[in-house]
Amino acid sequence: MGMAGTSPGFAPILRTVPDQTAARSSANTSHRHHHRRDWKRWALLSLYIAAYGGFIGVAVSAPALLATTVIGGINLAVVWGFALIVLAFVIALAALRLPEQG
Amino acid sequence: MLANTTPTDWVSVGVFGAFTVAVLVLSSLLGRRASSAKGYFAAHGQIGWFVNGIAFAGDYLSAASFLGICGLIAFWGYDGFLYSIGYLAGWIVALLVVAEPIRRLGKYTFADALNARFGSRLVTLAAAVSTLLVSLFYLIPQMVGAGALIKPLLGLPSWVGVGLVGVVVTVIVTTAGMVSTTWVQFIKGGLLLSLCAILAALILGRGFEVHAPGPAREAPARNVGSVVALPAWAVMEGPSGEAANFAVDPDGLVRTEGARTGPLGPIDFLRVFSASDVAAWRTITAKDEAGAVHSMATPETIHGDVLLQPGNSPTFRGLRSGSILDRVDFVSLMLALFLGTASLPHILIRYYTVSDVRSARLSTVVGIGAIGSFYILTLYLGLGAMTGGALDTSDSNMSAPLLARSFGSVLFALISSVAFFTVLGTVSGLVLAGSGAVARDLVITVLGRTPDDHTQVRIARIAALALGTCAMILGLLFKDLNASFLVGWAFNIAASANLPALLMALFWKRATKEGIATAIIVGLSSSLVWVLLSKDAFEKVYGLPGADAWMPFSQPALVTIPLGAVAGILVSLATRPRTQQA
C-alpha cells in the first residue's frame with residue numbers, strides 16, 4: 001500500500017526505464033533469435049544450392065566425371081540426380097522444425 | 001498405303017467419359033461455394049494442408065512433367081531427367097523463401113502479395129500483365145499435351161483434344177473457381193502418382209528382353225514427315241509410292257546377353273540398362289533426287305551408360321561439344337528451373353487457400369514429397385518407354401501413354417485419362433490465376449476502385465472464358481513441340497519477370513513501387529524478346545535456320561533475371577521509399 005501510495009511520482013520513471021530497457025532487450029533478443037533462426041533457414045537453402053550448383057558445375061566443366069560408376073553399377077549422374085530429389089525432401093522435413101519466417 | 005487410323009477403343013472411351021463426367025459433376029456440386037470473391041479465388045482459405053499439398057502436386061505435375069519429361073527420357077535418356085531435377089529444386093526456393101511471406105501478405109492474386117507494402121496501381125498493372133503472359137506461356141504446352149493424348153485415346157484429331165480441354169476447363173473454372181480446381185487437382189495428383197507407381201512396378205516386373213522379331217507391337221501408325229510408317233515403324237514407301245530402301249528393326253528393345261532379365265529391382269534395372277546396348281530412335285531427314293524432303297525414324301544403337309549421362313539431346317548436346325555458349329545455355333535453363341517455380345502465379349495463389357502460415361509450410365512439404373516421388377518415377381517410365389517397343393517416333397509426348405498401352409488397354413485407358421485429367425487440373429489453375437489477374441488487378445487498375453464481390457467473380461468468369469479460348473488457339477499453333485521444352489520457356493519468363501520483384505518486395509526495405517514495377521517490366525520484356533528471337537524459336541516455331549537467330553543462346557534466365565533485378569534496384573535507389581514520400 002505504502003509503495004502504491006508513494007509510487008505515482010516514481011512510477012513512470014521506475015516503470016518506464018525498466019520497461020524501455022526490457023523492450024529494447026526483448027527487441028534485441030527477438031532480433032537475435034530472428035537472425036539465428038533465419039541463419040538456419042539460409043543454411044538449408046545454401047546446402048541445397050551447393051548440391052544443385054555443384055551438379056550443374058560438374059555437368060558443365062567435367063561432364064566425363066558424371067559417367068563414373070559409383071554405387072551398384074550406377075553412374076554419378078543418376079546417383080547425384082536422385083540425391084538432389086531426396087535431399088529436397090530431407091530439407092523440407094528439416095524446415096518443419098524452423099520457427100515461422102519473420 | 002497404310003490406313004493411318006486408330007480403332008476406337010471402347011474401354012478408353014468409357015474410362016475417359018467417366019473421368020470427364022466426374023469432373024463436371026464435382027464442379028457443379030462445389031459451384032455454390034464460390035459465389036464470393038474469397039470463395040472463388042481462394043476457396044475461403046479453408047483447404048486442409050494435406051489436400052493442398054497433393055493439390056500442389058496436381059497443379060504442378062502438368063503435361064510437361066508427365067508427357068514431356070517421359071518423352072524426352074524415352075528418346076534422349078538422362079537429358080529429360082534434368083528437367084525433373086530442376087523442376088523439383090525450385091520447390092526449395094518456394095518453401096524456404098516465399099511460402100510464408102506470400103501466405104501472410106497475399107489475399108487472392110500474385111499482385112496482392114507483391115503490392116502489400118505499396119498499394120500501387122503501377123505495381124498491380126505490371127504484376128497482372130506478367131501473370132497473364134506467364135500463364136499463357138504455361139498454357140501452351142498443356143494444350144499441346146491434350147491434343148497429343150486425344151489421338152490414340154479416342155482416335156480423334158488433336159484439335160478435338162484441345163477443344164475438349166478448353167470447354168471442360170472453362171466449365172470447371174467458371175462454375176466453381178478455386179474450390180473445384182483444388183479438388184480436381186487433389187484427385188488428379190493422387191491418381192497420377194498411384195498409376196505411375198503401378199506403371200513403374202510393371203516396368204520393373206517386366207525387366208528387359210532381348211530383341212526377337214515377332215508380331216508388330218500395337219502402336220498408332222503415324223506419318224513421319226512425308227514418309228508413312230507402319231505401326232512397328234518399318235518405313236514402307238515414300239510420298240510418291242515408290243518402295244523405299246529403309247528397313248528398320250521394329251523393336252526399340254534393350255539388347256542384353258540373356259533372353260529375358262526377368263523382374264528387376266530399381267537399382268538392378270538401372271545397372272542392366274547401363275551395361276546394355278540400347279536402340280534409341282532418331283528421326284533423320286534427307287532430300288531425294290527431286291529435292292523432296294523425307295523424314296525417317298531409325299534406331300541408333302547407343303550404350304546405356306551414355307544414355308544415362310547428360311548431353312544426348314539437341315538441347316543439351318553442347319555439354320559434350322565444348323561450345324561455351326551451349327554450356328551457358330544449359331546453366332541458364334537450370335537456373336530458370338530452380339528459380340521459376342517460386343515465380344509461377346498459379347502456384348503462388350495456392351498458398352491463399354490454406355488457413356495460416358503453418359499450413360502453407362506443411363502443404364509445401366507434402367507437395368515436395370509427392371512431386372519428388374513422381375520425378376524419381378519419371379526415369380523408370382522414360383527408360384521403360386524407350387525399351388518397351390511402343391514409341392511413336394514422331395511424337396515424344398505420347399511415350400508414357402503408349403508405354404501403358406504395352407501393358408494392356410485398361411491401363412492405357414486409365415493412364416491416358418489421368419494424363420488428360422492432368423492437363424485439366426493444370427489448365428484450371430492457370431486459367432484461374434489469369435482470370436484473377438484480370439478481374440481484380442487489371443479492373444482495379446482501370447477503374448481505379450475495387451468492384452464488389454459478385455462483379456469480381458462475374459468478370460473473372462468472363463476472363464476465364466476468354467483465356468480458355470486463347471489457350472485452345474495457341475495449343476493448335478504449337479502442337480508439334482515437346483511439352484517440357486515449352487514449359488522451360490515459361491519458367492524463364494516467370495523467373496525473370498517475377499522473382500526479382502518478389503524478393504525485393506518481401507525482403508528489401510528500400511524497395512519502392514517504381515523499382516518493383518521496373519523489375520517486372522524489364523524482366524518480362526527482356527526474357528520475352530530473348531525467347532522469341534532465340535535459336536530454338538527460329539528453328540522450332542518459325543521454321544527458319546537457327547543460324548539466323550539474334551540471340552547467342554536460347555534460355556535467357558542467366559541474363560534477364562539479373563537484368564530485372566539490377567533495373568529494379570537502380571530505380572528503387574533513384575526514387576523515394578513510401579515512408580519518405582508520405
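Okay, some housekeeping. Residues are numbered from 1 along each chain as its sequence is written, and chains are lettered from A and ligands numbered from 1 in the order in which they are written. Since the model is predicted, local features need pLDDT of at least 70 and side-chain atom pairs count only at pLDDT 80 or more, while totals for chains, interfaces and linings use all residues.

Let's start with chain A. What does chain A contain in the way of helices and strands? There are 2 helices and 2 strands, and along the sequence they follow the pattern α-β-β-α. Both kinds of element are DSSP runs numbered from the N terminus: helices are H or I with at least four residues, strands are E with at least two. Of the 102 residues in chain A, 20% are buried. Buried here means 20 or more other C-beta atoms within 10 Å of the residue's own; 12 or fewer is exposed, in between is partly exposed, and the C-beta atoms are placed from the backbone.

Now chain B, with 582 residues, 61% of them buried. Chain B has 22 helices and 6 strands. Take its contacts with a separation of 6 or more: 79% join residues 24 or more positions apart. For chain A, that figure is 58%. A contact, by the way, means two C-beta atoms, placed from the backbone, within 7 Å.

So where do the chains meet? On chain B, 38 residues are in contact with 30 residues of chain A. On the chain B side, the elements giving two or more residues are helices H5 (78–105), H9 (266–274), H11 (318–321), H12 (324–340) and H14 (357–387). H5(B) provides the largest share, 12 residues. By class, this side of chain B has 26 nonpolar, 6 polar and 6 charged residues. Nonpolar covers Ala, Val, Leu, Ile, Met, Phe, Trp, Tyr, Cys and Pro; charged covers Asp, Glu, Lys and Arg; the others, Gly among them, are polar.

Keep an eye on H14(B), please. Two packed helices are described by the angle between their axes and the distance between the axes. The axes are lines fitted to C-alpha atoms, for helices over the stretch in contact, with angles from 0 to 180 degrees between N-to-C directions.

First partner: H2(A), residues 76–95. H2(A) packs against H14(B) at about 165°, with the axes 9 Å apart. That makes the two helices roughly antiparallel, a label for angles over 145 degrees; under 35 is roughly parallel, 65 to 115 roughly perpendicular, and the rest oblique. The crossing of H2(A) over H14(B) is left-handed, meaning the near helix is turned anticlockwise from the far one by less than a right angle, with clockwise being right-handed. Among the residues meeting there are Phe82(A) and Ala88(A) from H2(A), and Gly369(B) and Tyr375(B) from H14(B). This contact has 11 nonpolar, 3 polar and 1 charged residues.

Next partner: H5(B). Its axis comes within 10 Å of that of H14(B), and the two cross at roughly 175°. That pair is roughly antiparallel too. Trp91(B) of H5(B) and Ile368(B) of H14(B) are among the residues making the contact, which divides into 13 nonpolar, 7 polar and 4 charged.

And then H3(B), residues 49–60. How do H3(B) and H14(B) pack? The angle is about 45° and the axes are 7 Å apart, so these helices are oblique to each other. H3(B) passes H14(B) in a right-handed crossing.

What about the core? A nonpolar core is a set of buried Ala, Val, Leu, Ile, Met, Phe, Trp, Tyr and Cys residues joined through C-beta atoms within 7 Å. The largest one has 218 residues, and Ala88(A), Ile493(B) and Ile516(B) touch the most other members. Leaving aside neighbours within four places in sequence, Ile516(B) is in contact with residues including Leu114(B), Phe118(B) and Gly568(B).

Last, two residues to look up. Val431(B) sits in helix H16 (residues 409–447) of chain B. Is Val431(B) buried or exposed? It has 30 C-beta neighbours inside 10 Å, so Val431(B) counts as buried. Ser321(B), in H11 of chain B, is exposed, with 10 other C-beta atoms within 10 Å.
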